[in-house]
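Colleague: Please put the model up, and let's talk through how its parts get their labels.

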Amino acid sequence: MSKLPKENQFLDLSDYGRPAARVIAQLLKNTSLTPIHVTLGFVISGLLAIVCLLYQYYWATAFFLVLKSILDAADGELARIKKTPSYTGRYLDSISDILLNLLLLITIWYVTDGSLLYTLLAFFGIQLQGTLYNYYYVILRNKYDGDTTSRIFEDETPTAMQGEKQRNVNILFGMYTLLYGIFDRIIYRLDRSAVESKHLPNWFMTVVSTFGLGFQLLIIGFMLAFDMKHAIIPFFIGYSLFIFIYIALRRIMNP
């Protein structure tokens, strides 16, 4: 099940795990397992990737990063199949992603004996990349009546949905705001007029989807597996410059 109506769907290069995720969701739909359980599964997969990286089992690291991406898609698929969307799951997913990203890059710094400053700069760039992609994607989802669990502006604590506790939503929203607030504010200030865009072409969203977390993890896994680990941090620092290029393109198309 897609997050967008058919006519507005685009080739999402970060969402390569979606077909496998749908299979997993179908297998779990009549079980007692919930989307939260699947989210915890991708956390475990991410931690296993980090452990494998620490011991320099790079092909195994790549495997668990790809598995993590698949499970990251499967929790949302299961929520849609079971008709149990929740802000608890939405924020837990995002919080888990950013913490795993930080641990992954710190581990890359450790095994490459690189610069901690550059590592943190790469982390900051990766998060800005992902935030820009999500910003445009959520605008589309809200504009075309797709999935609306994610909001364009995460500035107020949402009201808990049926089946979840408001206290849990409050806590997770507070954590989300603490971890993501700075990235959301930066991207919004860089391209605040995007909210009023009349159209974001499918080809453009496909290009921007290279900023998606799934594609980022695929690149990291590929570079590790092919003994390019020292190039990971410089690559993501350099690729962050495309943030300004994509924003400029968006403004040209929708002035």
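Modeller: Let's start with a crossing: helix 1 and helix 3 cross in a right-handed way. Helices here are DSSP runs of H or I, at least four residues long, numbered from the N terminus.

Colleague: What makes the crossing of helix 1 and helix 3 right-handed?

Modeller: Helix 1 and helix 3 fall in the right-handed group. Keep in mind that this is a predicted model, where local features need pLDDT of at least 70, side-chain atom pairs count only at pLDDT 80 or more, and totals for chains, interfaces and linings use all residues. Numbering runs from 1 along each chain as its sequence is written, and side-chain values use heavy atoms, with hydrogens and water left out.

Colleague: Why are helix 1 and helix 3 called oblique?

Modeller: Helix 1 (residues 18–28) and helix 3 (residues 58–81) have axes that cross at roughly 50 degrees and come within 8 Å. Angles under 35 degrees count as roughly parallel, over 145 as roughly antiparallel, 65 to 115 as roughly perpendicular and the rest as oblique, so helix 1 and helix 3 are oblique to each other.

Colleague: Which residues in helix 1 and helix 3 meet?

Modeller: Among them are A21, I24 and L28 in helix 1, and I70, A74 and L78 in helix 3; meeting means heavy atoms within 4.5 Å. Sorted by class, that contact has 11 nonpolar, one polar and four charged residues. Ala, Val, Leu, Ile, Met, Phe, Trp, Tyr, Cys and Pro count as nonpolar, Asp, Glu, Lys and Arg as charged, and the others, Gly among them, as polar.

Colleague: How do you know that helix 5 is oblique to helix 9?

Modeller: The axes of helix 5 (residues 116–143) and helix 9 (residues 232–239) lie 8 Å apart, at an angle of about 45 degrees. That angle again makes the pair oblique. This crossing, though, is left-handed. Y118, L121 and I126 are among the residues of helix 5 in contact, and helix 9 brings I233, F236, I237 and Y239. The classes come to eight nonpolar, two polar and no charged residues.

Colleague: Then what makes helix 2 roughly antiparallel to helix 3?

Modeller: Their axes come within 8 Å and cross at roughly 170 degrees. That angle is the reason helix 2 counts as roughly antiparallel to helix 3. Their contact has 16 nonpolar, five polar and three charged residues.

Colleague: How many cavities of 30 Å³ or more does the structure hold?

Modeller: Two. On a 1 Å grid over the protein atoms alone, a cavity is a set of points where a 1.4 Å probe fits but cannot get out, and lining residues have an atom within 4 Å of a point. The largest has a volume of about 50 Å³, and its lining includes G46, K68 and L100. Helix 2 (35–54), helix 3 and helix 4 (87–112) each give two or more residues to that lining, with the largest share, three residues, from helix 4. Five of the lining residues are nonpolar, two polar and one charged.

Colleague: What lines the second largest cavity?

Modeller: N101, I126, Q216 and I220 are among its lining residues. Helix 4 and helix 8 (213–225) give two or more each, and the largest share, four residues, is from helix 8. This cavity holds about 30 Å³ of space, and its lining has six nonpolar, two polar and no charged residues.

Definitions and conventions: Axes fitted to C-alpha atoms, helices over the stretch in contact; angles between N-to-C directions. Left-handed = near helix turned anticlockwise from the far one by under 90°. 1 Å grid on protein atoms, 1.4 Å probe; cavity = no way out; pocket = protein on both sides within 12 Å on 5 of 7 lines; lining within 4 Å. Points joined across faces, edges and corners; volume = space filled by probe spheres on them.
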